[in-house]
Amino acid sequence: MSRVLVSGGCGFIGSHLVRRLLREHPDLEVVNIDLLTYAGRPENVADLADDPRYTFVHGDIASADDVARAAEGCDGIINVAAESHVDRSIMGGDEFVTTNVLGTKRLLDHARAHELRYLQVSTDEVYGDVEAPHRSVETDPLHGSSPYAASKAAGDLLVLSYARTYGLNASITRGSNTYGPYQFPEKLIPLFTTNAFDGKDLPLYGDGMQVREMLFVEDHCAAIDLVYHHGAAGEAYNVGAEHEVPNIETAHRIIELTGADPDSLKRVADRPGHDRRYALDCAKLRALGWERRTDFDTGLALTVAWFRENRAWWEAIKSGEAYADYSAKNYGARG
Ligand code: NAD
Ligand code: TYD
């Protein structure tokens, strides 16, 4: 038996990853450390509660004590935990630095002291926006535009420095925009889908021509699993859909799939510093054996169906006071 510490396993990608690791690797135990922030939902992994190979630890990756407690007996760490939402980072909270930078350092220090395998789950946003036809390659300079992206870039640089300076067996995945069941309804796809079901407006930032590569969560987790087990030390791997979609097209598809009123799509003031286009070259990851399995049509239909069938999950979030506060702050001033 080997054992891996996954951070952020009660969030969106983390919950799918924990489930996948237990399913695909019968000889692996998984410890999930999660602070249970607004985005951490124990119900996302409620089905794993009775699995003897799964343990949950309520803790903060920015606390060396919490990390040491959770990582006892582990041979590796996959750092999925983060403050993950660009709009919240623009509101200016310290937690982006505490979790995404200091939290990364705490995990790296533990991995270094105990000679563990380490994988950092990062994002295509570290490259900043890229002009067509360029697709970012792993050696491109890092240019995070938002405080979120900057904090993730800082995390990546720390990981690379630990690999080079201390010889830590550490790799990085840089995933593109990910979507699927259990995604917190602040991101584009779950927000628009749930607003559509409720007959509310779909607030499109600016002209809606910003381009994102939408990646189905299972494909993203397959890449994390592959790189954790087979990626090279000191290397980053892009994980993208290699299929670019402007936000306005994503919005129209959601309107079609939900049967929402097309007039519910409303242009609102743009996001400050908004990146225009992300695009990843994934040749390096494909050479390791990964390929995207779910195209956008299939993945989006599946996701919209999940939100239709799991209204209780997202209503519990959207009816809360914290969510209302965030919505008022983010959308209130946009007109
Ligand atoms: P999420 O916001 O849904 O979940 C984050 C999880 O981390 C939550 O469970 C939260 O409670 C936990 N967490 C936050 N701070 C913590 C702390 N200090 N200690 C322990 N746990 C803490 O995020 P997500 O969308 O699942 O993203 C997961 C990772 O993937 C992040 O590192 C993000 O940068 C990266 N990523 C996300 C996307 C995307 O489109 N969602 C794309 C590429 C990369
Ligand atoms: P988001 O899901 O926040 O992911 P990211 O900022 O990490 O790319 O946003 C995806 C795109 O959708 C991005 O270009 C911003 C845009 N967007 C809107 O137009 N309206 C919204 O209400 C949100 C949340 C995002």
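Predicted model: local features only at pLDDT ≥ 70, side-chain atom pairs only at ≥ 80, totals over all residues.
Residues are numbered from 1 along each chain as its sequence is written, ligands are numbered from 1 in the order in which they are written, and side-chain values use heavy atoms, leaving out hydrogens and water.

Let's start at ligand 2. It has 19 residues around it, and the closest are E125, P203, R271, H274 and Y331; a residue is near if one of its heavy atoms lies within 4 Å. That shell splits into 8 nonpolar, 5 polar and 6 charged residues, with Asp, Glu, Lys and Arg counted as charged, Ala, Val, Leu, Ile, Met, Phe, Trp, Tyr, Cys and Pro as nonpolar, and the others, Gly among them, as polar. Look at E125: a polar atom of its side chain is 2.3 Å from an oxygen atom of ligand 2. For Y331, the distance from a polar side-chain atom to a ligand 2 oxygen is 2.7 Å. Alone, ligand 2 would expose 510 Å², and the protein buries 96% of that (accessible area by the Shrake-Rupley method, 1.4 Å probe).

Now for the rings. Rings of Phe, Tyr and Trp (its six-membered ring) pair if their centres lie within 6.5 Å, and planes under 30 degrees apart are stacked, over 60 edge-to-face and the rest tilted. That gives 12 aromatic pairs. Y38, F184, Y323 and Y326 form one aromatic cluster.

Technical notes: Polar contact = N/O pair within 3.5 Å; in protein donor to acceptor, adjacent residues only side chain to side chain.
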